[in-house]
Amino acid sequence: ANQLGLSKTELLKQAKRVGEAPFDSMRKMMSTVHEEDGTIIQYTKGAVDEVLKRCTHIYKNHQMVAMTKKDKEEIEAINKQMADDALRVLGAAMRFHEQMPSSWNSENLEKDLCFIGLCGMIDPIREEVKYAIVECQSAGITPIMITGDHKDTAIAIAKSLGILTSEKEALTGAELNDISQEELKSKITQYRVYARVQPEHKVRIVNAWRANGKVTAMTGDGVNDAPSIKNADIGVGMGITGTDVTKNVADMVLADDNFATIVHAVAEGRRIYDNIRKSIQFLLSSNLAEVVTIFTATMMSFTILRPVHLLWINLLTDTFPALALGMEEGERDIMQRPPRDPKESIFAQGLGWDVVMQGIVVTVLTLAAYFIGHYMESGNWEVVTSADGMTMAFLTLSMVEIAHSFNLRSRRKSLFSLPKQNKYLWMAGFA
């Protein structure tokens, strides 16, 4: 309107607003009543199909004439054409009042309207969202679009984003009303887009996915999104456009209102969890090696390490590399892995077995270093307490644990295949 030279401030001076029926997500429209030069005129805008239901006339050739079935069909066809071009379409209507309305409720105002026209608006898709959707799908995350827009608009946008491939994967709120919750639970995986939905529909969709054992994350900004955000496993509110109600019930709030940020958060969460497992594996395998080494030496009646040696190893050789592993960057394929089972043990995927095997290997190397050190001192292979053997065992255990920390930069890939260095680990190793 500004580009056409229509100033809202000037227009409101000419046509003072005297009343309104606020927007409501149930009826999908709003109306304002204005007084201009003694004439009381009402303007209504909203979802085209809802506005049309309340129109009895149409504005043609600068006059109001009775609306025919053909007029409605033409409007619906143009609406579909605009929606197919991913435009969000509003229908506009007006009504003249002989006197000031006695009530401002929608039932009293929104009837016997005269259809004025359609307004198509484009909400450009952020370029990064397309890549974020692809990354979601490769990570085993299923993006679902839930919108109040027309079904054709929703399908057009979803196709451009790669969310759906067939129109059969789209469902409207009206169609959802005809499906029981049990039926929706069994068919929920067939749908990727929901259009013209009500707040209660969003809750049903979230609960149906959860009933199938899926972890759900729901995003939204309006008050009507709050119930579904509350019901989801992870509620995500919008920090810029979101209402206070939505932010209060959300588990996390996006500072930039960008869907791609959610995908970055998923990648960061996976990186953190990976690093926690690496640190745990390093600490457990190292401490297991120390325990088994001391136990074996005790059973064979010789001293392999003194308490000060163990204290030094635990304070320096164990602590700093473990902290440095927590600073490791995410691996290249971190978003190509399927989601893990939320009930999965932290020792799953072979971590427990790895801890045992690596602890035994470090134990064997430490014991071997002790006996080799004693042999180099005395020239005899014997089980006795040896100063040189103790020194060799201490150095071997310390150096093997540091080397092991570099080995655990990736649990399954070679150290030399990783693209970047962990400077914190190098600092811990030299320390």
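**A walk through the predicted model**

Strand β4 is joined by four bridges to strand β5 (residues 63–66), and the two run antiparallel. Helices and strands are here DSSP runs numbered from the N terminus, with at least four residues of type H or I for a helix and at least two of type E for a strand, and two strands pair if DSSP finds at least two bridges between them. This is a predicted model, in which local features need pLDDT of at least 70 and side-chain atom pairs count only at pLDDT 80 or more, while totals for chains, interfaces and linings use all residues. Residues are numbered from 1 along each chain as its sequence is written, and side-chain values use heavy atoms, with hydrogens and water left out.

Strands of a sheet pair through backbone hydrogen bonds, either parallel or antiparallel.

Strand β1 (residues 16–24) is joined to β2 by six bridges, and the two run antiparallel, with E20 standing opposite T32 in β2. The hairpin of β1 and β2 has four residues between the strands, and in it K28 takes a positive phi near 60 degrees. On to the next pairing, β2 is joined to strand β3 (residues 39–46) by eight bridges, again antiparallel, and S31 stands opposite T44 in β3. The hairpin of β2 and β3 has two residues between the strands, and D37 takes a positive phi near 50 degrees there. As for how covered strand β2 (residues 29–36) is, six of its eight residues are buried, where buried means under 20% relative accessible area, exposed means over 50%, and partly exposed lies in between (1.4 Å probe, protein chains only).

A further sheet is open and has three strands in the order β8-β10-β9, with parallel pairing. In this sheet β8 (145–146) and β9 (170–172) stand at the edges, each with a single partner strand, so one side of each is left without a neighbour in the sheet. Two bridges join β8 to strand β10 (residues 193–195), and the bridge partner of I146 is Y194 in β10.

We turn now to the charged side chains. A salt bridge is counted when a side-chain nitrogen of Lys or Arg lies within 4 Å of a carboxyl oxygen of Asp or Glu, and by this rule the count comes to 24 salt bridges. In one of them the side chains of K80 and D152 meet at 3.8 Å, N to O. This pair links distant parts of the chain, with K80 in helix α3 (residues 69–84) and D152 in helix α6 (residues 151–161), 72 residues apart. K80 counts as partly exposed at 40% relative accessibility, whereas D152 counts as buried at 15%.

Another salt bridge joins K202 and D225 at 2.4 Å, N to O. K202 lies in helix α9 (residues 199–211) and D225 in the loop between β11 (217–220) and α10 (226–231), so the pair ties together parts that are 23 residues apart in sequence. Both K202 and D225 are buried.

R411 forms a salt bridge with D354, where the closest N and O atoms are 2.8 Å apart. R411 lies in the loop between α15 (387–407) and α16 (423–430) and D354 in helix α14, so this pair ties together parts that are 57 residues apart in sequence. R411 is buried, with a relative accessible area of 18%, and D354 is buried too, at 14%. Elsewhere, D274, K278, E331, D333, R337 and K413 are linked in a network of salt bridges.

Last come the aromatic rings. Rings of Phe, Tyr and Trp (its six-membered ring) pair if their centres lie within 6.5 Å, and planes under 30 degrees apart count as stacked, over 60 as edge-to-face and the rest as tilted. By this rule the count comes to six aromatic pairs, and F302, Y370 and F371 form one aromatic cluster.
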